[in-house]
2 protein chains.
Amino acid sequence: MATDANPGYWVGVDLGGTKMLATVYDLDFEPRGRKRRRTKGSEGAESVTARMIRTLQDAVAEAEVEPDQVLGVGVGIPGPIDQAKGVVLEAVNLNWNDLPLVKILREAFDRPIVLLNDVDSGVYGEYRFGAGKSARTVLGIFPGTGIGGGCVYDGQIIRGKRNSCMEIGHIPVSVDGNLCGCGLRGCLEVEASRLAISAEVAKAAYRGEAPTILAEAGTNLSNIRSAVLAKAVEEGDEIVERIIRRAAGYLGKAVATCVHLICPDTIVLGGGMVEAMPKLYVNAVTEAARESVMPSFVDTFKIVAAKLGDDAAVLGAAAWAEKTFGEQ
Amino acid sequence: MATDANPGYWVGVDLGGTKMLATVYDLDFEPRGRKRRRTKGSEGAESVTARMIRTLQDAVAEAEVEPDQVLGVGVGIPGPIDQAKGVVLEAVNLNWNDLPLVKILREAFDRPIVLLNDVDSGVYGEYRFGAGKSARTVLGIFPGTGIGGGCVYDGQIIRGKRNSCMEIGHIPVSVDGNLCGCGLRGCLEVEASRLAISAEVAKAAYRGEAPTILAEAGTNLSNIRSAVLAKAVEEGDEIVERIIRRAAGYLGKAVATCVHLICPDTIVLGGGMVEAMPKLYVNAVTEAARESVMPSFVDTFKIVAAKLGDDAAVLGAAAWAEKTFGEQ
């Protein structure tokens, strides 16, 4: 039991497509134990959930904590969830549909467990402990293969009546734009994600305009990742910088729309591309956003790079467990 | 004093550009007394605030209520406000800037007073008592001369750190679109407000394509108001219906963006044009919104016409006073 001398712990779990991470935190959110495992999603839901349980138990053991000292567990999921029912509605990378994850986890680890979307948990982590710390409303945007986003408004994660929300990647930024995987056209994601940038950069490399890219990665989209893009910019592949600035400009326009609708005071940009080129990204997005808002909004927000990296989601999940179970 | 036999009252005030309205409600929000006056904004702030005080006092007297039975007053303002300071930041139609309205009103009527934006108060009224009653998140949109919008998320009016928020009228819906009064291009408001519709309709009338408009209102934008537009549609001015449907389509696209960002379960459309043509508007906006959201969002929202008309803002202001002062 939690006692005065040993008052309890919060656990965060971040389930990703390639790896899972569990961290045990004390009440000051100092890490006390952690465990990382590969997800191996192709082995199926039963295998993945068994690995999640072992990872959770290992982290608790490493922290030298008894399970009943755990006050609650937050689990970040790469897809939409039904928080009230504890069900993962969909996790495309894992091929999960309507999986009653809370029930499954509690059969082996019977503590209070809450699910949240992993982007939401990352934004919540930055809101509580990172780049959005003293903000009232934080909008987090993570351009990667897609573009994820989430918003903490006045301490609450914005979501719909039943499930998760905030599909900033699918707000329109371009008329008659490229066809998006979602079925719409001109979505932010299809114009400005890393995948979109890589495709443009691959074309430029093919045409011979991006020598660093050609030398480092060729014209295969899978190889044109954030670090390569950053290197090409540093080494003077001018077209690469222009392509990234254009994408960041679309992101800035989307930020402006969010500013008009939700009034975030802090916009946190995260993910691999921002980590590789924080200054370029933050400046280009800021410039476009300031140009695209009404004059009276220009000085109402700031755009900053995320601070917590991979820890954001697991910290945010643990803190969300505290928010959910801590005030009862 | 409020007693068990006479437990107290909430007062709502709606300050408009042409008229002001005060209504005294009992704790069940049944109206007990009301007073309406012309605003006469051109006479200056001192005159308008004096008229507001008289209007408030008259409504209280009509309700046969003593001032100290009033638990709180909510005042809807046509412009951005600083709620914490009780200051009207700007009211363009009244030529007000940084007016400490709460202080002024309390000098004559010393009860708890809270300001809110009048669009927000209208949305809050519909959320509490009207078309958004059982919703979790209500987005309200009022196309008129401009396009106002507000959002109640989980019982809270969405707003910025310091002042009001939700400038749905200025999110972009068209690239290289018409120049908006705010300085941006292609804003929803400049493409889809009643003013935008009237301008297109006036052109059509000038070209001889809208005979009902020409007969009823000529080509003067000031005369092409909602009732005339509705009559022209009824009498078969086909171009007028097409122009309205196009504007409603832009509104639907803006709704889709809001759905992707905030997940409202109910979208309430109000204002003169919607009142004059509720079916046409609701259907056209719904169709465009459903086409413009990701497939998984199609069935997550409904679009309905407002129910409370002019009462929405004054009811909402009174209810916001209850929300602000009632739980202390």
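Modeller: A helix axis here is a line fitted to the C-alpha atoms over the stretch in contact, and the angle between two axes is taken between their N-to-C directions. Please keep in mind that the model is predicted. In chain B, the axes of helix H3 (residues 118–129) and helix H11 (residues 311–325) come within 7 Å and cross at roughly 80°.

Colleague: Why is H3(B) called roughly perpendicular to H11(B)?

Modeller: Angles of 65 to 115 degrees count as roughly perpendicular. The crossing angle is roughly 80°, so H3(B) is roughly perpendicular to H11(B).

Colleague: What makes the contact between H3(B) and H11(B)?

Modeller: On H3(B), the residues include Tyr124(B), Arg128(B) and Phe129(B); on H11(B), they include Leu315(B), Gly316(B) and Trp320(B). By class, this contact has nine nonpolar, four polar and three charged residues.

Colleague: Turning to chain A, what is the strand order of the open sheet of five strands?

Modeller: The order is E11-E10-E9-E12-E13, and the pairing is mixed.

Colleague: Why do strands E11 and E13 of chain A stand at the edges?

Modeller: Strand E11 (156–157) and strand E13 (302–305) of chain A each have a single partner strand, so one side of each is left without a neighbour in the sheet.

Colleague: How do you know that E9 and E12 of chain A pair?

Modeller: Pairing requires at least two bridges between the strands. Strand E9 (residues 137–143) and strand E12 (residues 266–269) of chain A have four bridges, in the parallel sense. Ile141(A) stands opposite Leu269(A) in E12(A). Helix H3 (residues 118–129) of chain A packs on the sheet, touching E9, E10, E11 and E12 of chain A. The direction of this helix makes about 50° with that of E10(A).

Colleague: How do you know that the radius of gyration of chain A agrees with that of a compact globule?

Modeller: For 328 residues, a compact globule would have a radius of gyration near 20 Å; chain A has 20 Å, so the two agree. The C-alpha trace of chain A spans about 65 × 45 × 35 Å along its principal axes. Buried residues make up 52% of the chain, a residue being called buried if 20 or more other C-beta atoms lie within 10 Å of its own.

Colleague: How many residues of chain A are in contact with chain B?

Modeller: There are 28 residues of chain A in contact with 28 residues of chain B. Helix H8 (residues 238–262) of chain A gives the most to the side of chain A that touches chain B, with five residues. By class, that side has 15 nonpolar, seven polar and six charged residues.

Terms used: Residues are numbered from 1 along each chain as its sequence is written. Chains are lettered from A and ligands numbered from 1 in the order in which they are written. This is a predicted model: local features need pLDDT of at least 70, side-chain atom pairs count only at pLDDT 80 or more; totals for chains, interfaces and linings use all residues. Two residues are in contact if their C-beta atoms, placed from the backbone, lie within 7 Å. Helices (H or I, at least four residues) and strands (E, at least two) are DSSP runs, numbered from the N terminus. Ala, Val, Leu, Ile, Met, Phe, Trp, Tyr, Cys and Pro count as nonpolar, Asp, Glu, Lys and Arg as charged, and the others, Gly among them, as polar. Axes are lines fitted to C-alpha atoms, for helices over the stretch in contact, and angles run from 0 to 180 degrees between N-to-C directions. The radius of gyration is taken over C-alpha atoms; the globule rule is 2.2 Å times the number of residues to the power 0.38. A residue is buried if 20 or more other C-beta atoms lie within 10 Å of its own, exposed if 12 or fewer, and partly exposed in between; C-beta atoms are placed from the backbone. Angles under 35 degrees count as roughly parallel, over 145 as roughly antiparallel, 65 to 115 as roughly perpendicular and the rest as oblique.
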